[in-house]
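Dear colleague,

I am handing over the structure we talked about, and below it I have written out what I found. Please keep it open beside you while you read.

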Amino acid sequence: MAQAAEAKHDYHLVDPSPWPLVGSVSAFVMMVGLVMTMKGLGPETFKLGPYVLGAGIIGVLYTMASWWADVIYEAGPGGNHTRVVQLHHRYGMMMFIASEVMFFVAWFWAYFDAALFAAEPIQYLRAEKLQHWPPVGIQTFDPWHLPLLNTLILLTSGTTVTWAHHAMLENDRDGVKQALWLTVVLGVVFTLCQMYEYSHAAFGFSGNIYGATFFMATGFHGFHVVIGTIFLAVCLLRVYWGHFTPERHLGFEFAAWYWHFVDVVWLFLFAAIYVWGAGTPGAH
């Protein structure tokens with residue numbers, strides 16, 4: 001706090017940090033290890049790939065934990081997150097979510113391009129093999145069974161995280177804990193249901209454009225659900241550690257924004273891929 005009091009402005013000038021360099025080196029080692037593992041490089045008796053990959057992953061995870069711990073310190077005891085800094089963090093989170101929106105736009109674009117122009121004459125292979133949507137031989141999921149259950153689970157989690165946010169604003173710490181526990185559990189249940197759904201899919205990722213677009217769109221959404229669940233779980237720990245107050249809870253607020261973004265994307269996925277794009281389940 002003394003450092004913050006000495007500052008002549010409301011901006012946070014970041015102290016020198018080793019984590020950009022350490023993170024870059026770790027990511028490079030991780031990618032080299034991944035290539036070595038996939039290609040089976042190394043002596044026949046001792047494959048180095050998995051060990052290099054493991055070292056890189058450990059380095060990346062250590063960098064993430066340490067860097068975020070520094071940010072938590074800056075937000076709390078460090079006293080560096082002034083109102084101006086918090087405003088800029090909000091702008092940054094908005095732009096991050098906007099970039100994530102465009103990421104999913106790419107998968108929706110691929111899906112709708114194939115679905116709406118299944119017999120596009122310019123795409124001669126598509127015109128020859130696809131003809132209509134869903135493709136012949138694809139047995140789609142019935143949207144009103146497991147996909148609908150997953151939708152209800154995720155929408156319920158959106159209400160519980162909103163409950164947690166309102167409890168935070170009212171300084172109801174017990175309410176925050178209860179609501180966040182429910183949200184994290186619902187996120188885990190959603191992931192387990194999606195894993196069960198994938199294991200019972202009547203089509204694969206390769207060999208058809210329906211499977212490729214389906215698994216890329218829903219799979220990346222599932223990955224974001226996992227990230228969001230971890231995000232909220234960390235916030236839950238921080239609630240127990242007393243990091244948040246009704247006036248200062250930026251990390252939790254961003255987790256709630258991210259979770260609502262995940263909810264909205266799923267609604268579009270459910271409507272476009274499971275309902276609109278399913279045709280008649282079992283008819284193909």
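Of the 284 residues in this protein, 38% count as buried. Please bear in mind that this is a predicted model, with an average pLDDT of 88 for the protein and a score of at least 70 for 88% of the residues. Confidence is lowest in helix α1, residues 2-6, where the mean is 50, and it is highest in helix α7, residues 173-199, at 97. Over residues 280-284 the pLDDT falls below 50, although in the model this stretch has twelve contacts beyond its near neighbours in sequence.

As for the secondary structure, the protein has nine helices and zero strands. If you look at contacts between residues with a separation of 6 or more, 74% of them join residues 24 or more positions apart.

At its start, a side-chain oxygen of Asn208 comes to within 3.3 Å of the backbone nitrogen of Tyr210, and after the helix comes Gly242, whose phi is positive, near 75°.

Helix α9, residues 250-275, can be checked by similar reasoning: its 26 residues should span 38 Å at 1.5 Å a residue, and the end C-alpha atoms lie 36 Å apart, which agrees. Even so, α9 bends by about 25° at Leu269. Why can α9 be called largely enclosed by the rest of the structure? The reason is that 19 of its 26 residues are buried, where buried means under 20% relative accessible area.

The largest nonpolar core has 51 residues, and Leu180 and Phe214 are the members that touch the most others. The elements that give two or more residues to this core are α4 (83-116), α6 (146-169), α7, α8 and α9, with the largest share, 16 residues, coming from α9.

With best wishes

Conventions:
Residues are numbered from 1 along each chain as its sequence is written. This is a predicted model: local features need pLDDT of at least 70, side-chain atom pairs count only at pLDDT 80 or more; totals for chains, interfaces and linings use all residues. Side-chain values use heavy atoms; hydrogens and water are left out. A polar contact is a pair of N or O atoms within 3.5 Å; within protein, one must be able to donate a hydrogen and the other to accept it, and residues adjacent in sequence count only if both atoms are side-chain atoms. Helices (H or I, at least four residues) and strands (E, at least two) are DSSP runs, numbered from the N terminus. pLDDT is the predictor's confidence in each residue, from 0 to 100. Contact means heavy atoms within 4.5 Å. The expected span of a helix is 1.5 Å times one less than its number of residues. The bend at a residue is the angle between axes fitted to the seven residues ending there and the seven starting there. Buried means under 20% relative accessible area, exposed over 50%, partly exposed in between (1.4 Å probe, protein chains only). A nonpolar core is a set of buried Ala, Val, Leu, Ile, Met, Phe, Trp, Tyr and Cys residues joined through side-chain atoms within 4.5 Å.
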